[in-house]
Amino acid sequence: RGETLNKVELAAYVLLAVRLFCAALEARLGVSLNAQISNFLAAPFGFGICLLWFSQGLRILYRSRTIGPFVLMLLDMFMDVFVWIVLFIPVLVGSAAAMNITFRGAVPACFSGTVFMTMETLVEIMLGSDNQLDCLHDSDFSTSGPFFMVAYLVVVLVLMLNMLIAMMAKTFDLGFERQTLNFQFVKAQMILSYMDAPLPAPLMLL
């Protein structure tokens, strides 16, 4: 799992490097970016800082006999979420495309006219926002609109979210059963890395 944390830190350094490069270019050319671009570049910089704190904090806890196994479970659960997102994307895109084609020419007030904005609305609904069924019932698509929405809610909220919960529960059970073995493996990895690493100053002069 140390390789996973290395990848997280690499992504963080790339995000930070992009912002620092833009700042250096701005200072070199003597020009200032407009507010919209500056705010856009501030987001990856903040996200990079967040990833660094996240990875470094987990790296410290990774070596604890008590908390270390739970760090491994957490990293495995992130992989479960990644797999779930890969499965969710086709459902999201298909539902948004179906609604966008159905609503063409008379878009309900609760939806926009683009596929991407419809996808954003569907993601917000999945995360707990209003399901917009009342709005669809009052629109020109009082039958097809609620049908698509109910089908989306059944697939995502009933099937896929329960599948994600089951995946994470299985990951936790496996990690909890092997927590002693996982800690011994992490400790052995740490010892081997210290054996291969050069001695710190001033011991390297001996």
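# Close-up views of a helical protein

Figure 1. Leu 61 is partly exposed, because its relative accessible area is 36% (buried means under 20%, exposed over 50%, and partly exposed in between, with a 1.4 Å probe and protein chains only). The model is predicted, so local features need a pLDDT of at least 70 and side-chain atom pairs count only at pLDDT 80 or more, whereas totals for chains, interfaces and linings use all residues. Residues are numbered from 1 along each chain as its sequence is written, and side-chain values use heavy atoms, with hydrogens and water left out. Leu 61 is placed in helix H2 (helices are DSSP runs of H or I with at least four residues, strands are runs of E with at least two, and both are numbered from the N terminus). Not counting residues up to four places away in sequence, Leu 61 touches Ile 67, Gly 68 and Val 71 (contact means heavy atoms within 4.5 Å). Between Leu 61 and Val 71 there are 7.1 Å in space, C-alpha to C-alpha, for a separation of 10 residues in sequence.

**Figure 2. The setting of the close-up views.** The protein has 7 helices and 0 strands. Its pattern along the sequence reads α-α-α-α-α-α-α. Of the 206 residues in the protein, 29% are buried. Among the contacts between residues at least 6 apart in sequence, 70% join residues at least 24 apart. The accessible surface of the protein is about 13,500 Å², and carbon and sulfur atoms account for 70% of this area (such areas come from the Shrake-Rupley method with a 1.4 Å probe; for residues, only the protein chains shown count as cover).

**Figure 3. Ser 55 in helix H2.** Ser 55 belongs to helix H2, which covers residues 35–61. Ser 55 counts as buried because its relative accessibility is 0%. The side chain of Ser 55 reaches the backbone oxygen of Leu 52 at 3.1 Å. Leaving aside residues up to four places away in sequence, Ser 55 touches Leu 5, Val 8 and Glu 9.

Figure 4. Side chains of opposite charge can pair when their charged atoms come close. A search of the whole structure finds 1 salt bridge (a side-chain nitrogen of Lys or Arg within 4 Å of a carboxyl oxygen of Asp or Glu). Glu 9 forms a salt bridge with Arg 59, and their closest N and O atoms are 3.1 Å apart. Glu 9 lies in helix H1 (residues 2–29) and Arg 59 in helix H2, so the pair ties together parts that are 50 residues apart in sequence. Both Glu 9 and Arg 59 are buried.

Figure 5. The structure holds 5 aromatic pairs (rings of Phe, Tyr and Trp, the last by its six-membered ring, pair if their centres lie within 6.5 Å; planes under 30 degrees apart count as stacked, over 60 as edge-to-face and the rest as tilted). The rings of Phe 70 and Phe 172 form a tilted pair, because their centres are 6.3 Å apart and their planes stand at 40°. This pair links distant parts of the chain: Phe 70 is in helix H3 and Phe 172 in helix H6 (residues 144–177), 102 residues apart. Phe 172 and Phe 176 have ring centres 5.9 Å apart and planes at 20°, so this pair is stacked. Phe 172 and Phe 176 both lie in helix H6, separated by 4 residues, or about one turn of the helix. Together, Phe 70, Phe 172 and Phe 176 form one aromatic cluster. Phe 70 is partly exposed at 35% relative accessibility, Phe 172 is partly exposed at 33%, and Phe 176 is partly exposed at 43%.

Figure 6. Met 79, Phe 82, Val 83, Val 86, Leu 87 and Met 163 form a nonpolar patch on the surface, with about 530 Å² of accessible area together (patches are made of residues with over 30% relative accessible area and no salt bridge; like charges are joined within 9 Å, and nonpolar side chains, namely Val, Leu, Ile, Met, Phe, Trp and Tyr, within 5 Å). Helix H3 (residues 68–102) supplies the largest share of this patch, 5 residues. Phe 82 lies in helix H3 and counts as exposed because its relative accessibility is 52%. Ile 89 is also found in helix H3, and Ile 89 is partly exposed, with a relative accessible area of 44%. Ile 89 and Met 119 are 30 residues apart in sequence and 9.7 Å apart in space, C-alpha to C-alpha.

Technical notes. Polar contact = N/O pair within 3.5 Å; in protein donor to acceptor, adjacent residues only side chain to side chain.
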